[in-house]
Amino acid sequence: MSNKIRFAKNSKNDFNNTLRNRVNQYFEENQIDRYGNKSMYIKTIVMFLLYLVPFVSSFFVLSNPGFYFSLWVLMGLGLAGIGLSVMHDASHGAYSRNKKLNTFLSYSLNWAGGGSVSMWDIQHNKLHHTYTNIYGMDEDISRTKILKFSPHGKKMKMHSYQHYYAWFLYSLMTISWITEKEFKQINEFKEKGHIKGRKKYRKLMTEIIITKVMYYSVTLLLPILLMPYSAWFIALCFLSLHLVAGLILSLIFQPAHVVPTSQFPLPDKNEPLENTWAIHQLLTTSNFSPNNKVFSWFVGGLNYQIEHHLFPGICHVHYKDLSKIVEQTAKDFDLNYHCEKTWFGAIYNHGKILNKFAKMP
């Protein structure tokens with residue numbers, strides 16, 4: 001299906017070429033690298049410590065269940081931080097010029113989150129980033145049937161209440177990763193032609209299985225065997241880790257695309273889409289909370305989703321400066337550049353469109 005969806009072709013002086021020339025000029029004039037810098041390396045250490053220190057410390061908390069539980073909540077923050085600020089850039093090859101370092105850091109999804117970075121690459125890097133908000137191709141809006149993320153999705157009775165129950169389901173995001181999601185995805189991707197050949201399929205399936213076995217053994221089984229707490233209490237702590245991480249991750253990604261200002265184009269298989277790929281990204285994406293430095297630091301610059309989608313190969317530490325160039329270029333070409341002032345405003349807008357889709361036939 002993917003080879004039947006085509007974007008309009010770029011012209012010599014169009015938005016895409018003009019923007020890329022200006023961005024290239026920015027890096028050349030300032031003599032800076034497109035990849036991570038010292039601040040990125042410091043952030044990486046902080047995020048890993050936010051996950052690893054509570055985990056290691058938990059094995060020494062023998063008589064304080066409340067404190068023990070709080071360490072798992074901190075691990076949830078750490079997991080979200082690693083995913084947003086380290087793994088995400090690395091998986092796009094934007095963390096470093098060193099490809100081996102990018103690969104190594106991208107596998108933090110496997111050991112810290114129990115997910116497969118190879119499956120993430122297909123779902124996120126290839127499908128979501130190429131076909132943003134195109135129903136049937138963008139996994140982020142097409143996969144789940146419990147929630148209606150697109151006006152083109154099939155309406156179910158339960159969707160009438162989705163703006164109420166969606167928030168709980170968002171917290172289950174990483175729970176889905178470590179249980180059933182990837183086992184279903186791998187067969188669906190094979191059927192759709194995203195995974196070609198038995199060798200590739202077996203390799204991916206092996207990675208998924210090994211990742212799950214190792215993750216559960218270290219993160220869940222080991223505490224159950226070594227700690228003086230009941231298995232159900234440790235399972236509850238494990239669940240809390242994922243509820244925290246899942247909710248944070250969902251509330252960063254969803255308000256960037258499923259909001260009232262976003263377009264949801266429905267392509268004609270026989271004709272190219274109306275816009276070029278770059279304009280498509282601009283019209284299907286929105287930024288939020290650009291002036292909150294602490295928030296932007298923690299979420300890996302993903303509040304600048306427009307810049308990320310236009311330049312996924314550039315490290316997020318540059319997005320704030322690039323946003324000025326992108327916004328001005330969009331203005332020069334009479335294109336909308338959407339940005340919500342606060343994160344809570346973006347979440348509110350996301351809730352509004354969930355309500356809107358719930359009322360659609």
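Predicted model: local features only at pLDDT ≥ 70, side-chain atom pairs only at ≥ 80, totals over all residues.
Student: What does the secondary structure of the protein chain come to?

Tutor: The protein chain has 16 helices and two strands.

Student: How does the radius of gyration compare with that of a compact globule?

Tutor: The idea is to set the value against what the chain length predicts. For 361 residues a compact globule would have a radius of gyration near 21 Å, and the protein chain agrees because its value is 21 Å. The C-alpha trace spans about 65 × 55 × 45 Å along its principal axes. Buried residues amount to 53% of the 361. Of the contacts with a separation of 6 or more, 73% join residues 24 or more positions apart.

Student: How do the axes of α3 and α11 cross?

Tutor: A helix pair is read from distance, angle and hand. Helix α3 (residues 65-91) and helix α11 (residues 231-253) have axes that come within 8 Å and cross at roughly 35°. The crossing of α3 past α11 is right-handed. The residues of this contact comprise 22 nonpolar, four polar and no charged.

Student: Is Thr132 buried or exposed?

Tutor: Relative accessibility decides this. Thr132 has 0%, so Thr132 counts as buried. Thr132 sits in the loop between α6 (117-130) and α7 (139-142).

Note on methods: Residues numbered from 1 in each chain as written. Heavy atoms only, no water. Axes fitted to C-alpha atoms, helices over the stretch in contact; angles between N-to-C directions. Helix = DSSP H or I, 4+ residues; strand = E, 2+ residues; numbered from the N terminus. Left-handed = near helix turned anticlockwise from the far one by under 90°. Nonpolar A, V, L, I, M, F, W, Y, C, P; charged D, E, K, R; others polar. Buried < 20%, exposed > 50% of the residue type's maximum accessible area, 1.4 Å probe, protein only. Rg over C-alpha atoms; globule rule 2.2 N^0.38 Å. Contact = heavy atoms within 4.5 Å.
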